[in-house]
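Dear colleague,

I am passing on the structure we spoke about, and my notes on it follow directly below. Please read them with the model open beside you.

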Amino acid sequence: MFDTFFLSSKLINIFNGHTDTVWSIDYLTFGDCQFICSGSHDQIVYVWDIDNNKQIQSFNEHSMTKPFVFGISNIIINYKYLCSGSGDKTIRLWDVETSKSLHIFNGHRYSAECVDISPLQSNDNNDNNNKNNSIGLIGGNEYTICSGSWDNTIRIWDIEITKQFNVFKGHDSYVKIAKYGSNKLLNTILSGSFDKSVRLWDIRSGKQIQVFNGHTNSVCAVEYSPFVIKNEGIGGNSNVICSGSRDNTIRFWDIRSNKQELYVIKGNDEEDGIFCLKFMSLKKKVNDNEQNSKDNYSINLYYDSKKGPICV
């Protein structure tokens, strides 16, 4: 799967509209319609129609009332919780249905730059896959939060008992991004830092698994890719992760090996770094005389630059 992507990867589209750094990209579908949404430092959220390559909506109610003062630096949401990290050093948990604040987590010494909510955990003993892959019901709750900070640490918080569960130390500079894995990588956290490294952590042991070095500037984005690669040296198949940096490259890595990157995508010459990444499995366009099938999907990687364009 990764070999196919490697051999066929090319720039296929650019969405122009933002005039400053895009910090977040996500996608959604309604029936046969496919959309992406993007949030930027230009204080605008855009919604794009992917199939027609058009911007269809914008939200620009955000404002920066005081220069150089953080508002919220990062948010993550699932069907039950919304979690936010802020320059005030706190992690805040909200109830999605009632919009009420549930708890404020304190512990970081500097700005909480990124947050993520764990995938749903399970203690179903009848499901061997879930049993083997779950983090375990920490404090009896189904969710935990991880956060990365300018204090160079990644911290895990138990939502039910509202306490810090663990702290990962190893980065030599600000942690810009931290993300939970899923499925077979449910027990891991992937992080990127201003120290130019990408690191993979084991939640159960509380230890660093791998460190990936190769970027020549700050790592601003990391992502678990949908690809696997056959690792002859180690044996078996291994998952692939990727990272985006202010060095204007996206690099792909084998999680079981901290050797040189597998593949590098270079941004356009006019770009000034890669600030966010998002893999999307989208339905391909087909002619009327072609038959639809379950395999009629393509995996695209969306990324942004400091100057605003979203590249595919």
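Is Lys-176 buried or exposed? With a relative accessible area of 14%, Lys-176 is buried, where buried means under 20% relative accessible area, exposed over 50% and partly exposed in between (1.4 Å probe, protein chains only).

Before going further, please note that this is a predicted model, in which local features need pLDDT of at least 70 and side-chain atom pairs count only at pLDDT 80 or more, while totals for chains, interfaces and linings use all residues. Residues are numbered from 1 along each chain as its sequence is written, and side-chain values use heavy atoms, with hydrogens and water left out.

Salt bridges

A search of the whole structure finds eight salt bridges, a salt bridge being a side-chain nitrogen of Lys or Arg within 4 Å of a carboxyl oxygen of Asp or Glu. Lys-176 takes part in one of them, with Glu-113, at 2.7 Å from N to O. This pair links distant parts of the chain, since Glu-113 belongs to strand 10 and Lys-176 to strand 14, 63 residues apart; helices (H or I, at least four residues) and strands (E, at least two) are DSSP runs, numbered from the N terminus. Glu-113 is buried as well, with a relative accessible area of 9%.

Strand 14 also holds Lys-179, which forms a salt bridge with Glu-223, the closest N and O atoms being 2.7 Å apart. Glu-223 lies in strand 18 (residues 219–230), so this pair ties together parts that are 44 residues apart in sequence. Here Glu-223 is buried at 12% relative accessible area, whereas Lys-179 counts as partly exposed at 21%. Salt bridges that share partners also join Asp-247, Arg-251 and Glu-261 into one network. Another salt bridge joins Asp-88 and Arg-92 (3.3 Å, N to O), with Asp-88 partly exposed at 38% relative accessibility and Arg-92 partly exposed at 25%.

Strand 16 (residues 198–202) is joined to strand 17 by five bridges, and Arg-199 has Val-211 in strand 17 as its bridge partner.

Cysteines

How many disulfides are there? The count comes to zero, a disulfide being a pair of cysteine sulfur atoms within 2.5 Å. The sulfur of Cys-220 is 9.9 Å from the closest cysteine sulfur, in Cys-276, which is too far for a bond. Cys-220 is buried at 6% relative accessible area, and Cys-276 is buried at 5%.

Record

In the model, residues 81–104 are 0% helix and 62% strand, with end C-alpha atoms 13 Å apart.

Key. Two strands pair if DSSP finds at least two bridges between them.
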